[in-house]
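Biologist: I am new to this structure. Can you show me how to read it, feature by feature?

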Amino acid sequence: MNITITELPNLDIAYVRHVGSYLETGQAWGKLGEWAAKHELFPPEHTFIGISLDDPNVTDEYSCRYDACVTINDSLKKDSDSSINYRTLQGGLYALYPFYDTIDKLAIAYQTVYGQWLPTSEYEPEDKHSLEFCMNNPFEDPEGKAKIDLYIPIRKNTTLT
């Protein structure tokens, strides 16, 4: 597997929360995209990040929470738009898995990293959410695929020493 270990800094973000199927996050991305365009928050200076907050194998599909996020900086004046929330994502050690496929196959990428790579690595999961750095717009991709840098939070496995 093409996984690299990397350190991420803390990231200040603005986000829109979606509750429901992970395959139906388009409305949250639409709201966030309009807001980000109004504030001129574009790549490469700003990064769009998706965060799946629940495991659909445990949580009912239509109760799953998902945050559509964009990184922000200190100079941004937070406005009163009630659909936009703000917080800081905690940095730290992450396993980076580059994904390029249709979005419905992202669950397989998670299963591969957590089920195959992680148990055989010298790492264990950290108690933070995985981050999906969106590197393209799948609707503009010639093959309709999403290019995502999937960051899985990890820490050294202390039971191996």
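Biologist: Let me start with one residue. In which helix does Ala109 lie?

Modeller: First, note that this is a predicted model. Ala109 lies in helix α2.

Biologist: Is Ala109 buried or exposed?

Modeller: Ala109 counts as buried, because its relative accessibility is 4% and the cut-off for buried is under 20%. Now look at Tyr97. Ala109 and Tyr97 are 12 residues apart in sequence, and their C-alpha atoms are 8.3 Å apart in space.

Biologist: How do I read the core?

Modeller: In soluble globular proteins, nonpolar side chains tend to be buried together. Here the largest nonpolar core has 16 residues. Trp117 and Ile152 have the most contacts inside it.

Biologist: Which elements each supply at least two residues of this core?

Modeller: They are β6 (92-101), α2 and β9. The most comes from α2, which gives six residues.

Biologist: Next, the empty space. How do I find a pocket?

Modeller: Rolling a probe the size of a water molecule over the atoms shows where empty space is left. In this model the largest pocket has a volume of about 1500 Å³. Its lining has 46 residues. Nearest its centre lie Tyr22, Tyr66, Ile103, Leu106 and Glu132.

Biologist: Which elements give two or more residues to the lining of the largest pocket?

Modeller: Those are α1 (26-38), β3 (48-52), α2 (106-120), β8 (131-134) and β9 (146-156). The largest share is from α2, with five residues. By type, the lining divides into 21 nonpolar, 15 polar and 10 charged residues.

Biologist: And the aromatic rings?

Modeller: A pair of aromatic rings is described by the distance of the centres and the angle of the planes. With centres within 6.5 Å as the cut-off, the count comes to eight aromatic pairs. One aromatic cluster is formed by Tyr22, Trp29, Phe48 and Tyr66. Tyr22 and Tyr66 were also named at the pocket centre's nearest lining.

Biologist: What sits over the ring of Tyr15?

Modeller: The charged end of Arg87 does, 4.6 Å from the ring's centre.

Biologist: Last, the backbone. What should I look for?

Modeller: Most residues other than glycine have a negative phi, and most peptide bonds are trans. Check the loop between α1 and β3, where Glu40 lies. Phi of Glu40 is positive, near 55 degrees. Glu40 counts as exposed, because its relative accessibility is 62%. Pro44 is found in the loop between α1 and β3 too. A cis peptide bond joins Pro43 and Pro44, with omega about 5 degrees.

Note on methods:
Residues numbered from 1 in each chain as written. Predicted model: local features only at pLDDT ≥ 70, side-chain atom pairs only at ≥ 80, totals over all residues. Heavy atoms only, no water. 1 Å grid on protein atoms, 1.4 Å probe; cavity = no way out; pocket = protein on both sides within 12 Å on 5 of 7 lines; lining within 4 Å. Points joined across faces, edges and corners; volume = space filled by probe spheres on them. Helix = DSSP H or I, 4+ residues; strand = E, 2+ residues; numbered from the N terminus. Nonpolar A, V, L, I, M, F, W, Y, C, P; charged D, E, K, R; others polar. Phe/Tyr/Trp six-rings, centres within 6.5 Å; stacked < 30°, edge-to-face > 60°. Lys NZ or Arg CZ within 6 Å of the ring centre and 35° of its normal. Core = buried A, V, L, I, M, F, W, Y, C linked by side-chain atoms within 4.5 Å. Buried < 20%, exposed > 50% of the residue type's maximum accessible area, 1.4 Å probe, protein only.
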